[in-house]
Amino acid sequence: MGIMELFLLASGLSMDAFAVSVCKGLAMPGITVKKASVVGVWFGGFQALMPLLGYFLGTQFKDKITAIDHWIIFILLGIIGFNMIREALSGECEATNDALDIKTMFVLAVATSIDALAVGITFAFLNVKIFSAVSFIGVTTFILSAAGVKIGNVFGTKYKAKAELAGGVILILLGTKILLEHLGLLL
């Protein structure tokens, strides 16, 4: 997986966290760097941790399913992408309070990073330097989440649905590209 593919994947995975961050920013009366950083650390940390866990789970099964790994990647990324598109079209705001306590942020961080666990499983089947990849995903999510808090506070939910929609499309296209490459239909 090249740097551009990793960037697209990290951006796509970050869109759920970005959308929730926008909602958090919408609910916050005053945004500070500290508040935006807290949101970014929670979401970025879990977006890095979950694919790492998925990778270690996936390596347990790698030898048994290498013949169909490209189909698994395609299906998982497709499901994640379609769910993101469905959420984007529903127009709901997942987090409408400004709470940053451990319980609230833990639940939101896990909820927005479940898809990253599935992506981590796909990393076990690809030629990925896992620690570099999860670090890149975590930093990308941190930046987008911290920015999302500010964007939500300033612009409201104007960009939330578009971000989720773009993230879903990116993941579906990436899964399709990987499938086509493994089938020899794309160079």
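Is Ile-75 buried, partly exposed or exposed, and what is its relative accessible area? Ile-75 is partly exposed, because its relative accessible area of 46% falls between the 20% and 50% cut-offs. The model described here is a predicted one.

Ile-75 sits in helix α3, which covers residues 69-90.

In contrast to Ile-75, which is partly exposed, His-70 counts as buried, because its relative accessibility of 10% is under 20%. The C-alpha atoms of His-70 and Cys-23 are 35 Å apart in space, and the two residues are separated by 47 positions in sequence.

## Annotated transmembrane regions

The UniProt record, an unreviewed entry, places the feature "transmembrane region" at residues 35-56, 68-85, 105-126, 133-153 and 165-186. Two of these ranges can be set against the model. Residues 133-153 are 100% helix and 0% strand, with 30 Å between the C-alpha atoms at the two ends. Residues 165-186 are 82% helix and 0% strand, and here the end C-alpha atoms are 25 Å apart.

Helix α5 is made of residues 130-155 and includes Val-154. Val-154 is partly exposed, since a relative accessible area of 46% lies between 20% and 50%. Although Val-154 and Ile-31 are 123 residues apart in sequence, their C-alpha atoms are 9.5 Å apart in space.

## Largest pocket

The volume of the largest pocket is about 220 Å³. Its lining has 15 residues, and those closest to the centre are Asp-16, Glu-87, Ala-111, Thr-112 and Asp-115. Two or more lining residues are given by each of the elements α1 (3-27), α3 and α4 (102-123). Helix α4 provides the largest share of the lining, with 6 residues.

## Salt bridges

Side chains of opposite charge can pair when their charged atoms come close. The structure holds 2 salt bridges. In one of them, Lys-177 pairs with Glu-5, and the closest N and O atoms are 2.2 Å apart. This pair links distant parts of the chain, as Lys-177 is in helix α6 (residues 160-182) and Glu-5 is in helix α1, 172 residues apart. Lys-177 also forms a salt bridge with Glu-181, with an N to O distance of 2.4 Å. Both Lys-177 and Glu-181 belong to helix α6, where they are 4 residues apart, or about one turn of the helix. Through shared partners, the salt bridges join Glu-5, Lys-177 and Glu-181 into one network.

Lys-177 counts as partly exposed, because its relative accessibility of 27% lies between 20% and 50%. Glu-181, at 31% relative accessibility, is also partly exposed.

## Another lysine of helix α6

Lys-162 is placed in helix α6. Lys-162 is exposed, because its relative accessible area of 54% is over 50%, whereas Lys-177 counts as partly exposed. Between the C-alpha atoms of Lys-162 and Val-38 there are 24 Å, and these residues are 124 positions apart along the chain.

Note on methods. Residues numbered from 1 in each chain as written. Predicted model: local features only at pLDDT ≥ 70, side-chain atom pairs only at ≥ 80, totals over all residues. Heavy atoms only, no water. Buried < 20%, exposed > 50% of the residue type's maximum accessible area, 1.4 Å probe, protein only. UniProt positions renumbered as here; feature names shortened; annotations may be inferred. 1 Å grid on protein atoms, 1.4 Å probe; cavity = no way out; pocket = protein on both sides within 12 Å on 5 of 7 lines; lining within 4 Å. Points joined across faces, edges and corners; volume = space filled by probe spheres on them. Salt bridge = Lys/Arg side-chain N within 4 Å of Asp/Glu carboxyl O.
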